[in-house]
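Hello,

Here is the structure we talked about, with some notes on what turned up in it. Have a look at it first, then read on.

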Amino acid sequence: MSRLLSAVKLLFAGPSRLFIRKCGISGSSLLFFLIIGICTLYASTSYFSVNNDVLIIFTDKITPSVEVFNDTGYTDLPIVVNTETTNVMLRKQQVNHVYERPKLANETVSSLHAIHIGEIVPHCGLPKTCSKDEFSVHLYTGKDHTDEPRLCVDGKYIISKSVNEGGRGLNVAIIDNLTRTIIRVSHFDTYEKESNGLETMLLTLRPGDILILITFDEPSRKLSRIARLLFYDLGSALIQNLGYRSSWYLITQKGMSGFSPFEDLHLVDSSGWPQHHDIRFCVPFEIKGHIVHPDPLPSSNPQRVEFCEVHENLPLFCDADVVNDPLLPSPVWKQPAAINKIYNIPIIVMSGESVHFLPLTLETLVRQPGMKPNIVVVYHLAKNSMVQNLSQLFGFMSEELSQPSTDCERIAEAFELHNLLFPDAKELLFIGENAILAPDFLFFMGQLLSILESDPTILSVSSLNENGFKGVSADPSVVYRVESFSGVAMLVRRDFFQKSWCQNESQTDPMYISSEISGVSLVPDVSRVTLAAPLTNETSNQYVSHMYLSHDRTITYEQNILLKYPEKLRHEDYDRDIESLLRSAAVLAFDIDSMKQCLFDKEHFQMKVVEELPLFISNSTSLPSKVLAVFFYQEHEKDISTLQHLCNCFGLFHHPQYPVRGLYKGIVRFMLKESPAILVGSKSPFFRFKSKGNTVLKYDTHVDNIISVFV
């Protein structure tokens, strides 16, 4: 390196001395003129000069998926790519067909040469010219995904489908307010891609830069919380309301105080698309923010308001805080195709004599992501115009029933009509009176639809766990096979209902359509439905119905909860899984005093079991993460005398007039201190997996206590 520097000095030493001697110019002055010459040469070849020279990159290192930053922002395509050479060369080449910027007279806002300009419309279509300190703007967000976004600045359209790659997501233009130049035009597809590039752009804005933004199609899916906060910091008052397919525009300025006066947002309406924006106005080069920006109603629902003016007896549905909320399905994101099948299953909704809570049932249904209103039918008693009008608000159909003598016959008629309306449907969803659905009701059913289709031993998929009380229900990803049936909200085959079930209905369980229905159902550990009010069946036990309204019941509040191994719910697979669990289970053993507490002070017993659980484990010294097992005695297969007391002890469903819930081949499954637990009867086929040294619990009527025996 030192030799090279010496050679350079020798090369320039002679000419420089000669130049100084002849021209009388010092060495420092010579250096100054040399720098000026280099800068002049650079300026004449840079992209700021308006000519037809194009810089072409030949390289095998750039691929079409590489993001290259150019004058208009980030783009997915490099300027020019040649993958046939392994050498990286930069050269200038004359090109005949290149973009030529239109020559415009009396421009207020110019643009960089690399930013393409489309249609020229004087003043962007405004009837008058903006002042010298303002510029004209026309923004158009598009009616739906088949349309296009359009943005005009100072008479020049700089964003459309064919100009600067305008498209789905967010379309942005940046104006330097000092030079009054459009310095950047960018498109960010925040439906398909993360918003990292957008965040970078927002963070690198300079004080005074003017940002113009319009949305198109769906802009919210992958718009990060950081990007939303950055927009808020730039003066957006509505960014928190941006949702699925929202139409939004924002014109703001870096460094502005308060909220931008140039912003509006529309949410989707019943058509599935929002009212689009198509606005023209003059924008000042110095935007004055509003110190206080009242957050307007994010939507309006005049049909709902009109309905509530007539029907004032629905306070929860017609409250002033919610009366303008839209009644539209939530969007569904990408998920397995097998789950998507559930959104094409027709839905029965039953309306009883009291319709006070029907709006809540319908609202929790319409909020299900992906649901289709046109396949929902609300069945109601004769001459009830309120139910018809309410159903129409949601976009649901309604059908009037005859005057059946029992609730069972009313439901039988609804099934018959539904099969006529949807003759090609193989399954249907049934939602009973007063049902309130969890946010993932449809997603839960979608994961189990294929199991119902492939296993003929399954009668229904229920969304209610009748043993789903706090302390014994904790894992929303777990599903059980049970031999009890609940008709609150379920998925069944089209030929499920039998009219014979409605005969000899001497006693109707409040959770059952008929006491004659029997078969295997799939139920979640944590319910996907609850009741808004007790059922009003004349033959139902109101005390039992109130039990299902207990605040101690569990229900999911999240969407898209994935189930654990749903394929193991098929008949033979499920039995093998139970066998595997019991072979490694820790057995619970209780002394006489604990059992006495169990019968006469169950709250204290339950607290003691939860707090001191390791002390009750007979074959382990610590609390395991595996299954806990309790074995109980049976005189015969249908003997549940001991089991009923155990269900009462542990906090499961218990009522002397009704059978035990959740039984499957003599076992009952639940959760105990976040550990799976199983009660196993001595007549169950799974009893053989009990170790010989383990005792069995038996209720002894002579001592009125549960005792331990060997079987």
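F650 and F670 are both buried (under 20% relative accessible area with a 1.4 Å probe, protein chains only; exposed is over 50% and partly exposed is in between). Please keep in mind that this is a predicted model, in which local features need pLDDT of at least 70 and side-chain atom pairs count only at pLDDT 80 or more, while totals for chains, interfaces and linings use all residues. Residues are numbered from 1 along each chain as its sequence is written, and side-chain values use heavy atoms, with hydrogens and water left out.

Rings of Phe, Tyr and Trp (its six-membered ring) count as a pair if their centres lie within 6.5 Å; planes under 30 degrees apart are stacked, over 60 edge-to-face, and the rest tilted. By this rule there are 19 aromatic pairs. One of them joins F650 and F670, a tilted pair with 5.7 Å centre to centre and 45° between the planes. It links distant parts of the chain, 20 residues apart: F650 belongs to helix α16 (residues 641–650) and F670 to strand β28 (residues 667–672). Helices (H or I, at least four residues) and strands (E, at least two) are DSSP runs, numbered from the N terminus.

Helix α16 is largely enclosed by the rest of the structure, because eight of its ten residues are buried. Among them are L643, L646 and F650. After α16 comes G651, with a positive phi near 95°.

N467 sits in the loop between β20 (458–462) and β21 (479–482). Is N467 buried or exposed? It is buried, with a relative accessible area of 3%. A polar atom of the N467 side chain lies 3.0 Å from the backbone oxygen of R661. Leaving aside residues up to four places away in sequence, N467 touches V472, S473, L652, F653, R661, G662 and V668 (contact means heavy atoms within 4.5 Å).

R661 also lies over the face of F653, at 4.5 Å from the ring centre. The rule is that NZ of Lys or CZ of Arg is within 6 Å of the ring centre and within 35 degrees of the ring normal. Likewise, the charged end of R304 sits over the ring of F317, 4.0 Å from its centre.

**One more group of rings**

F415, F430, F485, F496 and F497 make up one aromatic cluster.

Conventions:
Polar contact = N/O pair within 3.5 Å; in protein donor to acceptor, adjacent residues only side chain to side chain.
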